[in-house]
Amino acid sequence: MERERPTIYDVARHCGVAASTVSRTFSNPARVSAGTRERVQAAAREIGYEPRPLARAEAPGRIRTLTLVVSDISNPYYVTVIKAAQARAIERNYTLALTDSDESAQVEANNLRHLLATTSGGILSTSRLSDETVQQLAGYRPLVMINREIEGVPSLVVDTAAGMRKAVRHLAVLGHRRLAYLSGPRNSWINGQRWRAVQDEASSLGLQVSFLGPFAPNRQGGQEAAEALMLGKGSAAIAYNDLIAIGALHRLQAVGVRVPEDLSLVGCDDIFGADFTVPGLTTIAGPADKLGWCAVDILHERLTGRGDLQGSRSFESHLVIRGSTGPAPQG
């Protein structure tokens, strides 16, 4: 079996410095003292660590630019994250470079490999990349994950799983006994968290729950979810996100299914427009703006040597009850 290639974390442990110091030694050596630089380089040689070309890349002005990756720029949820991250970046005297992965892990990886060569660090929002790919990229540049947890990479997560449990309890109080979960992408970490929360809470309350999907996390995916939903026997559905819920709502209404009289719907994210639907969408809300602010702050701390945060931070979510949920239909 081929021996795993040493990483910056191995070098850091070997010579007793932070991983960010090792990263700076190879990506921006002028910002590391001569003594530390020599110690890191000696440790790298000793354990056989070879910096990748990206880690050695140097571009004018790179230190003042951050990359933000979102999975779908057309999703209103990301507008809040983007605006907050940009506002904080301006405060910190950074330029924010934005890229859309279009729900594709391949597009995301290609974009990142190009952009990280000319920027200081990256923010990955709801990334579709594998854990291994993210950890590899984190060896080149400091990264922060939003709504995704990966070992060794700082993460910021809204606890929407707790919100899903609240939604299940809300529907149970309304008399619903058969629920459906309208799934988002299978390779979405947060989708897995939400589905497991729905499963566990439904089981604890003695409710039946079915998994439908996966569906594209947009309104078209929601219309397809509605078709699957109408074939089932559930009286309520909880969607992966608001766009799926809104798409389902429009399709159900188009064919004469009344919401919430015939079927109740719950979304997630409380995007702009969730309260404009008729009826307004019951949904799970969280502080998306704080994700953007804190992601920039963490990168700034790591880039300035004031911190080397590797842990996770979770933000509370809450259920916003609107008109799309109501009592279970009789019979």
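In this predicted model, D10, V11, H14 and C15 of helix α1 are in contact with R39, V40, A43, A44, E46 and I47 of helix α3. Sorted by class, this contact holds six nonpolar, one polar and three charged residues.

**Packing of α1 and α3**

- Two packed helices are described by the angle between their axes and by the distance between those axes.
- Helix α1 spans residues 8-15 and helix α3 spans residues 34-47.
- The angle at which α1 and α3 pack is about 115°, and their axes lie 9 Å apart.
- Because angles of 65 to 115 degrees count as roughly perpendicular, α1 is roughly perpendicular to α3.
- The crossing that α1 makes with α3 is right-handed.
- On the α1 side the contact residues are D10, V11, H14 and C15.
- On the α3 side they are R39, V40, A43, A44, E46 and I47.

**The largest cavity**

- The space in the largest cavity is about 120 Å³.
- Its lining consists of 15 residues, and those closest to the cavity centre are N75, Y78, T126, Y240 and D269.
- Helix α5, residues 76-91, contributes at least two residues to the lining of the largest cavity.
- Helix α9, residues 189-204, likewise contributes at least two residues to this lining.
- By class, the lining is made up of five nonpolar, five polar and five charged residues.

Definitions and conventions: Residues are numbered from 1 along each chain as its sequence is written. This is a predicted model: local features need pLDDT of at least 70, side-chain atom pairs count only at pLDDT 80 or more; totals for chains, interfaces and linings use all residues. Side-chain values use heavy atoms; hydrogens and water are left out. On a 1 Å grid over the protein atoms alone, a cavity is a set of points where a 1.4 Å probe fits but cannot get out, and a pocket is an open set with protein on both sides within 12 Å along at least five of seven lines; lining residues have an atom within 4 Å of a point. Grid points are joined across faces, edges and corners, and a volume is the space filled by probe spheres set on the points. Helices (H or I, at least four residues) and strands (E, at least two) are DSSP runs, numbered from the N terminus. Ala, Val, Leu, Ile, Met, Phe, Trp, Tyr, Cys and Pro count as nonpolar, Asp, Glu, Lys and Arg as charged, and the others, Gly among them, as polar. Axes are lines fitted to C-alpha atoms, for helices over the stretch in contact, and angles run from 0 to 180 degrees between N-to-C directions. Angles under 35 degrees count as roughly parallel, over 145 as roughly antiparallel, 65 to 115 as roughly perpendicular and the rest as oblique. A crossing is left-handed if the near helix is turned anticlockwise from the far one by less than a right angle, and right-handed if clockwise. Contact means heavy atoms within 4.5 Å.
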